[in-house]
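I opened the model today to look up a handful of local features. My notes follow in the order I took them.

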Amino acid sequence: MTTGYTPAGKRITRKASGKTKTEAQQKLKALVRDLDDGLPSEDRAYKVAQAVRDFLEFGLPRRSASTVEKLTILAEGHVIPDLGARKLGELSADDVDKWLAAKAKILSTRTLRDLHSILRRAVARAQKRDKVRRNVVLLCEIPEGKEGRPSKSLTFEQAYALLKAAERTQLRAYITLSLLIGARTEELRPLTWTHADLVGKPDATPSIPPHIMVWRSVRVGGDTKTRKSRRSLALPQRCVEALRAQRAKQDFARRVAGDRWQENNLVFASDVGTELDAANVRRGFRKVCAKAGLNPNEWTPRELRHSFASLLSDSGMPIEQISQLMGHNGTAVTELVYRHQLRPIIQEGAKAMDEIFKDESAA
C-alpha cells in the first residue's frame, strides 16, 4: 500500500507479511489504521544496524573526529554484532535489557553508559524520521558493570621523585604544571604564551602574581569543559621556573627547525611547533615515570590532576578551594572523583604548592 511520497515524487509503499494470511492481514490493517489516524508508518524493514550507522554518519556533525572514532568502535564492536540484524520496529525493551545485562559481565559501567547512549540516540534519530514509532531504549536502565581501573594519586614522595625525574626532559614544564596547578591535559596542550604571564604585576594594588589563563581546550570549538573551567591560576615558583626553561628550549628548537617550524605560539609544542596530541604526552610521561622509579604501565597523565587534589587535601586545604582551583561547578565532583566565588586570579593553590615543594636550597 502507498503511505506517501518522497521529495522526488516517488511513492513510499509499505508491505505487511506474516506466517499466515490472517497475520499478514492484521498487520496490513494496523498500517491502514495508523495512516487514517495520521500516525507515521514505520519502515518495517529498517534494522538496528542501519539506524546506528545512520546516526554515526549524520548524527554527530559537531563532534570531534576522535569522538566519532570512539563511538564507531563501540558500535561496531558491541551494538551492531549483537542487535544489528534485529528489525528496529521489533526491538523490545526486554531485548535491550538482556543485551546490557550480558555486556555488564565484561564491560565497565562507563562503557555500558556509552553503549546505551549510542543505541538510545540512534533510535531517537530514527524515530524522528518515522522509521520507528517509539524508543524502547528509554525504558531500559543501565546495569552496574565491571569495576574499571580506579584512578589513583601520587604520594608526596612519588610526586617529588617525578618532578626531579622530569628535569632536563621535554615534559618538565608540562608535568610540573599538571601536578602543581591541576590543569586538565586538554587545557594544557592548547595553552599559548599569550595566556601565560611569568611576571605578573607585583606593584599593582592588589598585586597580580605570575599566572596562566585557562581559557581554551582541545575540545571542538576550543571551549573549556565547563563554564567554571575558564579560570586564571597563579603559578607556584617551580612552575614559573619550568616555563622559563621551556621558553628557552623552544627558542632553540625553533632555530634548529628553521623553515620546518610552524609558529602557533604554543607553550607545549612538538619539535616543529605543532600541537602535541595525547599520544605524544603519554609516551613522554611513561619515560619520566620509569626514570622516577614508577611503573609506567600503572600511571597516566590525568592522574597528575588527581594527585594535585590529593596533595592539597593532605595539606589541609578546604574542599571548596580545591574545587575552585580545579574548575569544578561545585564540590560534589571533586569529592566523588578526586577524594566556588571566583577571584580574578586564584592564588591559594600556588601558595600551598610552594609550601609543599620547598626548594632544598631555600632550606
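Entry 1: I started at R168, which sits in the loop between α6 and α7. Helices (H or I, at least four residues) and strands (E, at least two) are DSSP runs, numbered from the N terminus. This is a predicted model, where local features need pLDDT of at least 70 and side-chain atom pairs count only at pLDDT 80 or more, while totals for chains, interfaces and linings use all residues. Residues are numbered from 1 along each chain as its sequence is written, and side-chain values use heavy atoms, with hydrogens and water left out.

I read phi of R168 as positive, near 65 degrees, in a residue other than glycine. R168 follows α6. Is R168 buried or exposed? I found R168 exposed, at a relative accessible area of 77%. The cut-offs are under 20% relative accessible area for buried, over 50% for exposed, and partly exposed in between (1.4 Å probe, protein chains only).

I then went to D130, in the loop between α5 and α6. D130 is not a glycine, yet its phi is positive, about 60 degrees. D130 is partly exposed, with a relative accessible area of 37%.

Next I checked P206, in the loop between β3 (196-197) and β4 (211-214). The peptide bond from T205 to P206 is cis, and omega is near -5 degrees. I noted these cases because most residues other than glycine have a negative phi, and most peptide bonds are trans.

**Entry 2: V132 and T109.** I found V132 in the loop between α5 and α6. V132 counts as buried because its relative accessibility is 7%.

T109 belongs to helix α5 (residues 109-128). T109 has 18% relative accessibility, so T109 counts as buried. I left aside its neighbours within four places in sequence and listed what T109 is in contact with: P143, E144, G145 and K146. Contact means heavy atoms within 4.5 Å.

**Entry 3: α3 on α5.** I looked at how helix α3 (residues 65-83) meets α5, and their axes come within 10 Å and cross at roughly 75 degrees. That makes α3 roughly perpendicular to α5. Axes are lines fitted to C-alpha atoms, for helices over the stretch in contact, and angles run from 0 to 180 degrees between N-to-C directions. Angles under 35 degrees count as roughly parallel, over 145 as roughly antiparallel, 65 to 115 as roughly perpendicular and the rest as oblique.

From α3 I listed K70, L71, L74, A75, H78, V79 and L83; they meet R110, T111, D114, L115, I118 and L119 in α5. By class, this contact of α3 with α5 has eight nonpolar, two polar and three charged residues. Ala, Val, Leu, Ile, Met, Phe, Trp, Tyr, Cys and Pro count as nonpolar, Asp, Glu, Lys and Arg as charged, and the others, Gly among them, as polar.

**Entry 4: the buried face of α6.** I checked helix α6 (residues 156-166) and found A159, L162, L163, A165 and A166 buried. Seen down the axis, the buried residues of α6 fall within an arc of 165 degrees, so they line one face of the helix. The arc is that of the directions from the helix axis to the C-beta atoms. What covers them? I noted that the cover includes α7 (172-181), α9 (237-257), α10 (278-291) and α11 (303-314).

Entry 5: The axes of α11 and helix α12 (residues 319-326) come within 10 Å and cross at roughly 155 degrees. α11 and α12 are therefore roughly antiparallel to each other. I listed R305, F308, A309, L312 and S313 in α11 against I322, L325 and M326 in α12. The residues of this contact of α11 with α12 are six nonpolar, one polar and one charged.

α11 also packs with α14, at an angle of about 80 degrees and with axes 10 Å apart. α11 and α14 are therefore roughly perpendicular to each other. F308, L311 and L312 of α11 make this contact with G349, A352, M353 and I356 of α14.

Last, I checked burial in helix α14 (residues 348-356): G349, A350, A352 and M353 are buried. They cover an arc of only 165 degrees around the axis, which puts them on the same side of α14. The buried residues of α14 pack against α7, β5 (231-234), α11 and α12.
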